[in-house]
Amino acid sequence: MAKTVARPIARTMARTMAKTVLSLAIIYALLVALMWAFQERLLYLPNAGREHITTPADRGLAWEAVTLTTEDNVALDAWWVPAPEPRASLLFFHGNAGNISHRLESIVQFQRLGLSVLIVDYRGYGRSEGSPSEAGTALDARAAWHWLRDEAETEADAIILFGRSLGAAVAAELAANLEQHAAPAAVILESPFRSVPELAQQLYPFLPARWLARIDYPVDTYVTQISAPLLVIHSRDDEIIPFAQGEAVYQAAQAPKQLLEIQGGHNTGFLDSEPTYSEGIDAFLRDAVGLARPNQE
């Protein structure tokens with residue numbers, strides 16, 4: 001009698017377990033499909049802030065709003081913030097959320113370092129037209145470079161490419177693909193990642209993220225093609241892009257190169273680490289690039 005009762009119970013438990021496993025498999029498959037389908041929305045976050053919240057004038061800086069036009073005829077919004085006595089011009093590529101007006105504190109830091117700044121919103125960000133994409137950000141970067149060269153009449157060896165987070169990938173791609181005779185004076189990559197597939201796999205180890213990624217941004221490959229002096233800046237406290245990612249980018253790069261380790265979170269390290277941050281950039285520009293401040297010459 002006991003055996004007769006036990007058999008239906010065992011069959012019921014087996015069916016329940018099978019249903020549970022099937023449900024979990026379906027949920028996992030849906031999660032994988034959603035990540036594949038919506039990965040652009042995970043990387044590009046233009047709607048985190050489309051309206052300008054401030055301007056350089058609020059910090060007493062002279063500035064000009066400029067419109068850049070890309071090769072595929074997309075109009076981009078940008079700010080040109082010239083320094084009174086510039087040691088060089090810095091082309092600023094920001095991270096994956098917000099717009100140029102959220103980077104005013106960084107602009108102030110670079111002004112104190114004697115750098116004129118051109119900062120641009122990628123397509124689909126802020127007041128720029130279009131929608132963001134990997135190919136699109138490459139075209140956006142070229143439009144900004146050409147504006148500095150042609151409209152601001154800045155020599156290539158007086159331009160520093162700077163990128164933070166996603167912007168580090170944009171800056172690295174531009175530097176790697178510029179013609180050798182038009183190479184920038186230097187490249188600064190803050191909080192870079194090795195590539196989108198590698199970062200995604202580290203952030204989502206329970207998913208086959210490396211194989212799902214359609215977006216690449218292979219920064220660790222780009223830096224092997226950069227001959228200009230390179231400064232990699234990263235914080236061990238970075239909660240979004242692990243320090244190991246930036247360290248791997250540095251190791252992959254060819255000399256001359258420097259690594260500046262800072263402290264603080266992904267979005268606040270450049271402020272949390274003052275004066276180490278600004279002094280490190282200043283020393284790099286002076287000693288590795290040969291760009292002293294006018295009053296230090």
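Start with helix α4: its buried residues (under 20% relative accessible area with a 1.4 Å probe, protein chains only) are G136, T137, A138, D140, A141, R142, A143, A144, W145, W147 and L148. This is a predicted model, where local features need pLDDT of at least 70, side-chain atom pairs count only at pLDDT 80 or more, and totals for chains, interfaces and linings use all residues. Residues are numbered from 1 along each chain as its sequence is written, and side-chain values use heavy atoms, with hydrogens and water left out.

What covers those α4 residues? The cover includes β1, β2, β3, β4, β5 and α5. Helices (H or I, at least four residues) and strands (E, at least two) are DSSP runs, numbered from the N terminus.

At the N-terminal end, S133 caps α4, with a side-chain oxygen 2.9 Å from the backbone nitrogen of G136. Just past the helix, E153 takes a positive phi of about 55°.

Now for the sheet. Eight strands make an open, mixed sheet in the order β1-β2-β4-β3-β5-β6-β7-β8; strands count as paired if DSSP finds at least two bridges between them. β1 and β8 are the edge strands, each pairing on one side only.

Here are some of the strands:

| Strand | Residues |
|---|---|
| β1 | 64-69 |
| β5 | 159-164 |
| β6 | 186-190 |
| β8 | 257-262 |

β5 and β6 run parallel over five bridges, and G163 stands opposite L189 in β6. Helix α11 (residues 276-288) packs on the sheet, touching β4, β5, β6, β7 and β8, where contact means heavy atoms within 4.5 Å.

Terms used:
Axes are lines fitted to C-alpha atoms, for helices over the stretch in contact, and angles run from 0 to 180 degrees between N-to-C directions. Buried means under 20% relative accessible area, exposed over 50%, partly exposed in between (1.4 Å probe, protein chains only). A polar contact is a pair of N or O atoms within 3.5 Å; within protein, one must be able to donate a hydrogen and the other to accept it, and residues adjacent in sequence count only if both atoms are side-chain atoms.
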